[in-house]
Amino acid sequence: MIPAFPPTASSDHDLPRAGAILAALGQAAFVWDIASDIIHWSGQAAEVFTDIASEALASGAELAKLIEPRRSVRTEALSLALATGGASYRIEYGVRANTTAAVLWIEESGNCVAGADGKPLRVQGIVRVNNERHAREQQLLKLSQHDPITGELNRTHLMASLAEAIEEATRFRSTFVFMLVGIDHLARINDAFGFDVADEVIGEIAKRIRLRLRGGDVLGRFSGNKFGLILKNCSVDDANIAAERFLEGIRDDVIPTASGPVSVTASIGAVSVPRYARDVGEAINRAQETLSTAKHRRHGSYSMWRPNVEREAQRRVNIRVTDEIVTALNERRIVMAFEPVVNAVGRDPAFYECLVRMKQDDGELLLAPDIVPVAERLGLIRLVDHRVLELVVAELAASPGVQLSLNISPDTTMDPDWWASIESMMRAHPGVAERLIIEITETVAIQDLDDVRGFVTRVKNFGGRIAIDDFGAGYTSFRNLRKLGVDIVKIDGAFVQNIARSADDRAFVQTLIDLSRRLGIKTVAEWVQDDESAAILRDWGCDYIQGRLTGLASPARPWLDGSGVSLPARG
């Protein structure tokens, strides 16, 4: 029997009425005597605690044995209420008769009476079943932890699961594999069918991966087109088999969508943890690296991370060069070298191309091919381009008779800070813009013609000129050149250096020069090595030449006379 309320003077009149009210509300009242640990219940306790034996409700200690997730939640609530100067509390906990029974979620509200020593003496309160509220809270918790499209873990909780898996594997000396599955060409599906269809594809791929996972493996959405997988107790050989199973499941059947069937492939990069990744960051970086390797090799393929001496050596070089570049920028050790671009007829300088150099601690100069690729790869190129712009404008302001060109990277063409800097400098130094030529590569020009046309227009608006560098290395048509409105085409030296010996190169270069002249675009031939090539280019009507024949880049300023006065430009 559940202990009933002890009789009181008013119990004959009040308790039946109170019992009826509690029954109607699905609640039960209790009085808990702390000293004896006995709990007295109203008659509705059995209706609230369905399937719970009365003996389990007879004392605080017995009830605590059924409570989850923390058995001490009731006593902790009492201590906290008294410690904060209050007496009331409200808690929620689950109870169940045994491990196979469903959890019954209880909301308990009570008031604690303290004794003279300040410790709990007696508690009185009510309990009620609150499964609906708990279900809502669990749903909200699930939404906060799971991706809404796939129903799998979101990135935050995927990373938390990865951290737990690393800790567990390290403690128990086990191995698991972390995979990144990247959907190939998801952007094309977005463009062709819309985001709704792309979401359908993402959801279906998640289902196909989930169907092929073992119990205990973890799946989550890593980013827009990537899933993260944690394959527990998995060897490299097991991972190879699993990866092929995932790829086959994704590619073999088309995905039905509201806009029709869509065929999709995915690529996978993986790393064995903790053997080759000791923390979350390392696991992600190496999985990303191998995913990029797989996509570069062939879409729809798989790559497992393995140590590579050359790659690690290159990474150390990258780290060293990154540190050197940042230090050189801070210490103003980024400098310029100037390579003359001369008129093809008289070979007098028309302008100078400014090439970046970096002074090293030993006084040696690091050349552009050693600086620019690393700076681009590591996101430092904008800082370098900003510094080069400052140096070039300073040279132009100090030497009114010289014309200079500078190269900028693809990222810088769309950098609002760079635009703010150059426009501010042009206003501060009137007359400089007309002597500034900005060189962009043909690769940049063909990426997005509308964006590049906007870039060219802005340069021309403040008075500068535009040159397309390495022309012929890409696939820009002359129609696009006319649309862009460029001023100068610099013909890729790979075609120029052998024109004296290669009929194919001669035909190509001569055609470029002829078409450029018809469009009113000046031409520069790069990598001119000898007088014979220079004469051929001059006779074809090439405007300028540049290369070993006319002088390679040097830190000297040849436009200054012996007294440091700028000589007039002749280009």
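Reader: Among contacts in the protein chain between residues at least 6 apart in sequence, what percentage join residues at least 24 apart?

Author: Contact here means heavy atoms within 4.5 Å. In the protein chain, 62% of the contacts between residues at least 6 apart in sequence join residues at least 24 apart. Before we go on, please keep in mind that this is a predicted model, in which local features need pLDDT of at least 70, side-chain atom pairs count only at pLDDT 80 or more, and totals for chains, interfaces and linings use all residues. Residues are numbered from 1 along each chain as its sequence is written, and side-chain values use heavy atoms, with hydrogens and water left out.

Reader: What radius of gyration does the protein chain have, and what would a compact globule of 571 residues have?

Author: The radius of gyration is taken over C-alpha atoms, and the globule rule is 2.2 Å times the number of residues to the power 0.38. A compact globule of 571 residues would come near 25 Å, whereas the protein chain has 38 Å. Along the principal axes, the C-alpha trace spans about 120 × 55 × 45 Å.

Reader: How many of the 571 residues are buried, as a percentage?

Author: A residue is called buried under 20% relative accessible area, exposed over 50%, and partly exposed in between, with a 1.4 Å probe and protein chains only. By that rule, buried residues make up 45% of the 571 residues in the protein chain.

Reader: How many helices and strands does the protein chain have?

Author: Helices (H or I, at least four residues) and strands (E, at least two) are DSSP runs, numbered from the N terminus. The protein chain has 21 helices and 20 strands.

Reader: In what order do the six strands of the open sheet stand?

Author: Two strands pair if DSSP finds at least two bridges between them. The order in this open sheet is E2-E1-E6-E5-E4-E3, with antiparallel pairing. Strand E2 (38-41) and strand E3 (67-68) are at the edges with a single partner strand each, so one side of each is left without a neighbour in the sheet. Within the sheet, strand E1 (residues 27-33) and strand E6 (residues 120-129) are joined by seven bridges in the antiparallel sense, and Phe-30 has Gly-125 in E6 as its bridge partner.

Reader: Which strand does E8 form a hairpin with?

Author: E8 forms a hairpin with E9, and two residues lie between them. Five bridges join E8 to strand E9 (residues 226-231), and the two run antiparallel; Val-218 stands opposite Ile-230 in E9. Strand E8 (residues 218-223) is mostly covered, since five of its six residues are buried.

Reader: Where is Asn-233 found, and is Asn-233 buried or exposed?

Author: Asn-233 is found in the loop between E9 and helix H9 (236-251), and it is exposed, with a relative accessible area of 60%. Its phi is near 45°, a positive value in a residue other than glycine. Asp-37, too, has a positive phi, near 65°, and Asp-37 lies in the loop between E1 and E2.

Reader: Which residues does the cis peptide bond with omega near 5° join?

Author: That bond runs from Glu-68 to Pro-69, and Pro-69 has its place in the loop between E3 and helix H4 (73-83). A cis peptide bond also joins Val-273 and Pro-274, with omega about 0°, and Pro-274 lies in the loop between strand E10 (266-273) and helix H10 (280-297).
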